[in-house]
Amino acid sequence: MTETYRCWAEVDLQALRENLEQIRTSAGAGRKVLTVVKADAYGHGLRQIAAVLMQSGTDIFGVANLAEARAIRSVGAGWPILMLSACLPHEKSLAVREGIMPTISSLDEARAFSREALAQGTTVHLHLKVDTGMGRLGFSPENLETALPFIRALPGVAVSGLYTHYSSAEDDAVFTQTQQEIFAQTVSRCCHSNTPIPYIHAANSAGLLLDSSAIENTVRAGLLVYGIVPPGSRPLETDVYHRFRPALSWKCRVTFVKDVPPGTPVSYGHTYTTPTAMRLATISAGYGDGYLRAASNRASVLIGGERCRVLGRVTMDQMIVNASTVGDARPGDEVTLIGTQGSQTITATELACWCDTIPWEILTNITYRVPRTYRGGHAA
Ligand SMILES: *Cc1c(COP(=O)(O)O)cnc(C)c1O
């Protein structure tokens with residue numbers, strides 16, 4: 001089927017299953033795994049990924065909005081879903097109706113959810129977030145302690161989770177340690193054996209690999225689910241890179257090949273001029289597919305198992321690469337933007353480096369125009 005595609009992504013579902021197993025191993029026995037599937041499952045296609053993760057026994061899903069939560073519900077009813085962002089005022093009613101667990105950062109939000117749950121004759125399961133240094137959502141630790149008895153007393157409300165989020169787990173061991181300690185103190189002050197909180201969580205992917213702590217009973221993994229080890233300055237055990245396998249490859253095709261003399265200017269603005277005679281290949285991907293324009297003159301792609309530099313500016317639908325080292329590049333040939341060809345591999349992290357960004361942005365930036373195809377077993 002991919003023969004007809006100009007630019008597409010291939011997702012290996014078996015890699016996803018194995019990555020989830022590895023996350024379980026890293027998390028340790030008895031810990032629950034929350035898989036983060038926001039932003040169309042990091043660009044991999046939410047429904048398919050949710051189906052595979054359900055089959056492989058994820059314990060809970062993390063989403064960024066209610067549309068994502070409903071997409072998961074449409075794949076399989078009843079799975080616990082945590083909304084990681086704050087619900088907007090007009091979304092509270094729907095969140096309660098759909099049985100989504102909201103993230104709460106204030107007593108006012110808890111009261112609003114209580115009123116909504118009462119109106120619907122149901123119970124809403126809240127996760128209370130504590131801001132230990134991310135500065136985004138969450139109660140301050142002091143405010144949480146003060147508010148908790150009031151929240152517990154609200155009708156229609158159950159406290160199902162207590163969590164925090166690390167700002168720099170992949171880079172800063174000292175600051176992460178501080179966040180971890182603040183969270184541990186908050187947990188010990190807020191959790192009493194007569195009122196246990198089912199989900200206690202802090203670790204994202206980097207935290208899971210570097211900072212697992214005894215008080216958490218749940219981990220929140222995003223990037224690792226998709227097989228990418230979060231890049232950062234903190235050293236990781238080298239076997240980590242062998243344990244996780246990227247699920248997504250991104251491909252396009254050679255559309256045109258030509259030999260040019262030295263001094264040939266290439267693409268918009270002539271930011272590149274060939275220093276020697278070269279064979280150029282025009283390929284069928286551009287920033288309209290989500291291949292960042294920042295990759296201009298910096299990135300490489302794979303054709304015929306060879307690395308080919310991107311020459312000049314990336315345009316909306318096409319770009320030009322140096323195919324001089326490829327034996328006989330021809331229109332229709334497969335080009336790998338992310339993934340492996342022969343002995344060569346380009347990772348999302350490598351492409352992110354060329355673009356001065358992070359693999360999270362590379363993946364979530366792949367646009368709607370790029371069909372996602374799946375192998376490694378049927379899912380949704
Ligand atoms: C996105 C997100 C995660 C997942 O982070 P990764 O680094 O991709 O593992 C975890 N927790 C929260 C609150 C998030 O927003």
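Modeller: Helix 7 covers residues 141-153, 13 residues in total. From first C-alpha to last it reaches 19 Å, close to the 18 Å expected at 1.5 Å a residue; that expected span is 1.5 Å times one less than the number of residues. Helices here are DSSP runs of H or I with at least four residues, strands are E runs of at least two, and both are numbered from the N terminus. The model is predicted: local features need pLDDT of at least 70 and side-chain atom pairs 80 or more, while totals for chains, interfaces and linings use all residues. Numbering starts from 1 along each chain as its sequence is written, and side-chain values use heavy atoms, without hydrogens or water.

Helix 7 has a kink of about 40° at Ala147, shortly before Pro149. The bend is the angle between axes fitted to the seven residues ending at a residue and the seven starting there. Ala147 is also buried, as are Pro141, Leu144, Leu148 and Ile151. Buried means under 20% relative accessible area, exposed over 50%, partly exposed in between, with a 1.4 Å probe and protein chains only. An α-helix has 3.6 residues a turn, so residues three or four places apart point the same way. The cover over the buried residues of helix 7 includes helix 6 (107-120), strand 6 (124-129), strand 7 (157-163) and helix 8 (173-190).

Helix 8 also holds Thr176. Thr176 is buried, at 0% relative accessible area. Leaving out residues up to four places away in sequence, Thr176 touches Tyr166, Ser168, Ala169, Asp211 and Arg234. Contact means heavy atoms within 4.5 Å.

Now the aromatics. There are four aromatic pairs. Rings of Phe, Tyr and Trp (its six-membered ring) pair with centres within 6.5 Å; planes under 30 degrees apart are stacked, over 60 edge-to-face, the rest tilted. Phe61 and Trp79 make a tilted pair, 6.5 Å centre to centre with 55° between the planes. Phe61 sits in strand 3 (residues 60-63) and Trp79 in the loop between helix 4 (66-75) and strand 4 (81-83), so this pair ties together parts 18 residues apart in sequence. Phe61 is buried at 0% relative accessibility; Trp79, at 24%, is partly exposed.

Last, the ligand. It is surrounded by 14 residues, the closest being Lys38, Tyr42, Ser205, Arg220 and Gly222; a residue counts with a heavy atom within 4 Å. A polar side-chain atom of Tyr42 lies 2.6 Å from a ligand oxygen atom.

Notes
A polar contact is a pair of N or O atoms within 3.5 Å; within protein, one must be able to donate a hydrogen and the other to accept it, and residues adjacent in sequence count only if both atoms are side-chain atoms.
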